[in-house]
Amino acid sequence: MDLSSYFRALPKAELHLHLEGTLEPELMIRLAARNKVEIPFRSVEEIRAAYRFTRLQDFLDIYYRGMDVLRAEEDFHELTLAYLERVAADGAVHVEVFFDPQGHTARGIPFTTVADGILAGLAEGHERFGITSLLIMCVLRHLTEDEGFATYREAEPYIADERIAGLGLDSTEKDNPPARFERLFAAAREAGLRLVAHAGEEGPASYVADAVDRLRVDRIDHGNRALEDPALVRRLAQRGMTLTVCPLSNLRLGGVANLKQHPLKRMLDAGLKVTVNSDDPAYFGGYLLDNCVAVAEALGLEAADLVTLARNSIEGSFLDAPARKTHLDSIDRIAAMEG
Ligand code: ADE
Ligand code: ZN
């Protein structure tokens with residue numbers, strides 16, 4: 001079996017995916033017309049040509065502007081469903097997806113419009129594609145902790161009945177250390193939310209350490225720059241901290257010059273619990289399977305590595321123990337057949 005078919009056959013979870021980052025140019029144009037929103041592009045080609053980034057902030061500027069076409073509950077529903085259809089075709093059985101409520105409420109779109117649309121999409125995706133999901137709301141770290149708290153209060157009814165399962169931290173990493181959000185993350189932990197944070201994407205290894213020690217996260221999103229601190233790497237490996245790595249995102253945002261230099265294999269060799277994810281696939285040129293195949297080919301990964309990555313994605317998920325066991329058993333069955 002070729003690499004791509006083998007990876008597709010392995011049950012996997014995607015754990016680092018921004019729903020707004022799945023907005024394909026075709027849908028952007030359609031929603032712009034439907035909602036009568038002016039966009040500075042006339043064609044899919046023009047939009048794709050604009051997706052040239054050298055660093056995170058270049059991408060974020062376009063990403064926040066692109067969101068402007070998302071206005072109604074049905075827009076969020078459609079966006080979510082399109083992603084689930086796409087990732088189910090890649091062999092994903094479970095996803096834990098991020099959304100950025102502040103990117104929408106700042107434009108006057110009610111929190112409930114966004115969350116209800118996404119949740120309807122997730123429910124329909126489960127029915128149609130059999131894919132399970134959890135929803136994680138992120139706060140934007142370029143804003144204040146008080147603004148994060150205001151959004152958190154809006155989310156409380158969804159947190160109380162577990163429609164929102166986790167809290168994340170994203171956006172501009174440089175000069176926005178995790179420690180700024182310590183009180184918010186403590187409150188979220190108290191309320192039973194699972195916690196994740198982007199760290200070590202562009203920011204230093206110390207931000208990864210702070211996300212672990214001060215925010216007490218359950219997972220690190222990216223984490224690449226942790227490699228600059230060997231003692232931290234040992235600590236992350238020892239406690240089995242999951243790192244949600246995004247190869248094509250790292251490539252497009254200049255974290256690595258080419259995929260042959262990607263640190264994923266070094267991370268695996270260091271004993272880190274690494275997973276592969278797509279981050280913002282509409283912007284970075286590939287969904288889950290594209291990321292897996294591109295990095296596996298560039299780094300010469302073997303079948304055993306692919307199995308480890310699939311296992312890590314299930315073990316690092318927030319699924320309950322019986323669901324994890326079901327997926328891990330089926331990974332092991334496929335691995336035994338191929339082995
Ligand atoms: N928001 C969407 N994608 C992001 C990324 N890769 N890093 C930080 N914030 C983001
Ligand atoms: Zn991300």
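**Ligand site, cores and a helix residue**

1. A polar side-chain atom of Glu 201 sits 2.7 Å from a nitrogen atom of ligand 1. Asp 280 also places a side-chain N or O atom 2.7 Å from a ligand nitrogen, and for His 18 the distance is 3.3 Å. A polar contact here is a pair of N or O atoms within 3.5 Å. The protein covers 100% of the 270 Å² of accessible area that ligand 1 has on its own (Shrake-Rupley method, 1.4 Å probe).

2. This is a predicted model: local features need pLDDT of at least 70, side-chain atom pairs count only at pLDDT 80 or more, and totals for chains, interfaces and linings use all residues. Residues are numbered from 1 along each chain as its sequence is written, chains are lettered from A and ligands numbered from 1 in the order written, and side-chain values use heavy atoms, without hydrogens and water.

3. Residues surrounding ligand 1 (a heavy atom within 4 Å) include Leu 56, Phe 59, Tyr 63, His 198 and Asp 279.

4. The largest nonpolar core has 105 residues, among which Ile 164, Leu 264 and Tyr 283 touch the most other members. Such a core joins buried Ala, Val, Leu, Ile, Met, Phe, Trp, Tyr and Cys residues through side-chain atoms within 4.5 Å; buried means under 20% relative accessible area (1.4 Å probe, protein chains only). Helix α15 (residues 288–299) gives the largest share, seven residues.

5. Ala 335 is part of helix α17 (residues 321–338); helices are DSSP runs of H or I, at least four residues, numbered from the N terminus. Beyond four places in sequence, Ala 335 is in contact (heavy atoms within 4.5 Å) with Tyr 6 and Val 307.

Technical notes
Buried means under 20% relative accessible area, exposed over 50%, partly exposed in between (1.4 Å probe, protein chains only). Helices (H or I, at least four residues) and strands (E, at least two) are DSSP runs, numbered from the N terminus. A polar contact is a pair of N or O atoms within 3.5 Å; within protein, one must be able to donate a hydrogen and the other to accept it, and residues adjacent in sequence count only if both atoms are side-chain atoms.
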